[in-house]
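Colleague: I am new to this structure and would like to learn how to read it. Please take me through a sheet and a domain contact.

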Amino acid sequence: MTNRRNIVVLTGAGISAESGLATFRGPDGLWEGHRVEDVCTPEALARDPVLVHRFYDARRAALAHVTPNPAHAALARLDAAWPGGLLIVTQNVDDLHERAGARRMLHMHGELLSALCTACGRRRRWDGPMGGQPPCPACDTAALRPDIVFFGEMPYGMARIEQALATADLFVSIGTSGAVYPAAGFVRTARMHGAATLEINLEPSQGSALFDETRVGPAGVLVPKWVEAVLA
Ligand code: APR
C-alpha cells in the first residue's frame, strides 16, 4: 500500500480485552452483569442514577489498574509514522489508545474520564466517582452525568467519521462484534467509496462477510503484525 493513502481504523472492546477490560457480549460481558436497560439509557439515568453512576464509577476506577496492550501500542506507532491520512475511531470509552500515544483519534461513544453537565452542557475531565452527585465545577448544579453515549443517543463525531470513510483507501475493523450501529455499518460505507477492508477479531463477527479479508486471532498478536507490514 503506498504511503500517501488514507486509513480509517475502527476499534471495539476486543482491542482492550488483553489489557483486562471486559467486553460487552463475551461470556464475562459487562452487559451480562447488568441489563442494558438498567445502565446505559437516558431513561435508566433518570430512573436510577445511583445504579448508573455505580456502574460507570466502577468502570472508571478499573482504568487505574490496566495498561495499553501491544495492539494499542502498534496503532500508536502507526499514528506517529504514517504520512498519509489516519483516523482511529474507537467505540471504547477507556483511555488506552491515548495512553499508548495515539493522537489522530475519536471516541464515538464518549469517554469514562469525561463528565458532562446536563445543566450547563460543559464537559470536563473527570477521574473520580460521580455517584455522590457532585456539583458541576462550572455552574455548581448537581447535574453531572457520565460523558458516555447511551443507547438511543447520537454518537459523537459522525460528520468527521463519514468524511474519513468517504476518502478512505483502507478500512480496518479491530475487536468489535459488529452488533451496534452506526459503527457496524462503517464497512459498507467504506466499500461503497472503494476502500479495501480488513477485519481483525478473535472470532468472525456479524459483519465478516462484508470484509475483503478477516484475520482471526488476538489483537495483541495480529495488530502489531499488520502495522509492521503497513509501515515496511
Ligand atoms: N482480540 C481481538 N478481538 C477480541 C479479543 C481479542 N483479544 N477479545 C474479544 N474480541 C472480540 C470478540 O470476539 C467480539 O467480537 O471483540 C468483540 C467484542 O464485541 P462486543 O463485546 O460486542 O464489543 P463492541 O463490538 O465494542 O460493542 C460495541 O456496543 O454495548 C455497546 O457501546 C457499547 O461500544 C460498545 C458497542
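This is a predicted model: local features need pLDDT of at least 70, side-chain atom pairs count only at pLDDT 80 or more; totals for chains, interfaces and linings use all residues.

Colleague: What holds the strands of a sheet together, and in what order do the strands of the open sheet stand here?

Modeller: Strands of a sheet pair through backbone hydrogen bonds, in a parallel or an antiparallel sense. Here three strands form an open sheet in the order β5-β4-β6, and the pairing is antiparallel. Because β5 (123–125) and β6 are at the edges with a single partner strand each, one side of each has no neighbour in the sheet. On average, neighbouring strands are turned by 40° against each other, direction ignored.

Colleague: Over how many bridges do β4 and β6 pair?

Modeller: Strand β4 (residues 110–117) pairs with β6 over four bridges. A115 has P146 of β6 as its bridge partner, and C117 stands opposite L144 in β6. Helix α5 (residues 49–62) packs on the sheet and touches β4 and β6, its direction making about 55° with that of β6.

Colleague: Is β6 mostly covered or mostly exposed?

Modeller: Mostly covered: in β6 (residues 144–148), five of five residues are buried.

Colleague: How is the size of an interface given, and what area is buried between domain 1 and domain 2?

Modeller: Interface size is often given as the accessible area lost when the parts come together. Between domain 1 and domain 2 about 790 Å² is buried, and carbon and sulfur atoms give 55% of that. V93, D95 and Y156 supply 54% of the area that domain 1 buries against domain 2.

Colleague: How many salt bridges are counted between domain 1 and domain 2?

Modeller: The count is zero.

Methods. Residues are numbered from 1 along each chain as its sequence is written. Side-chain values use heavy atoms; hydrogens and water are left out. Buried means under 20% relative accessible area, exposed over 50%, partly exposed in between (1.4 Å probe, protein chains only). Helices (H or I, at least four residues) and strands (E, at least two) are DSSP runs, numbered from the N terminus. Two strands pair if DSSP finds at least two bridges between them. Axes are lines fitted to C-alpha atoms, for helices over the stretch in contact, and angles run from 0 to 180 degrees between N-to-C directions. Contact means heavy atoms within 4.5 Å. Buried area is the accessible area (1.4 Å probe) that two parts lose on being put together, summed over both. A salt bridge is a side-chain nitrogen of Lys or Arg within 4 Å of a carboxyl oxygen of Asp or Glu.
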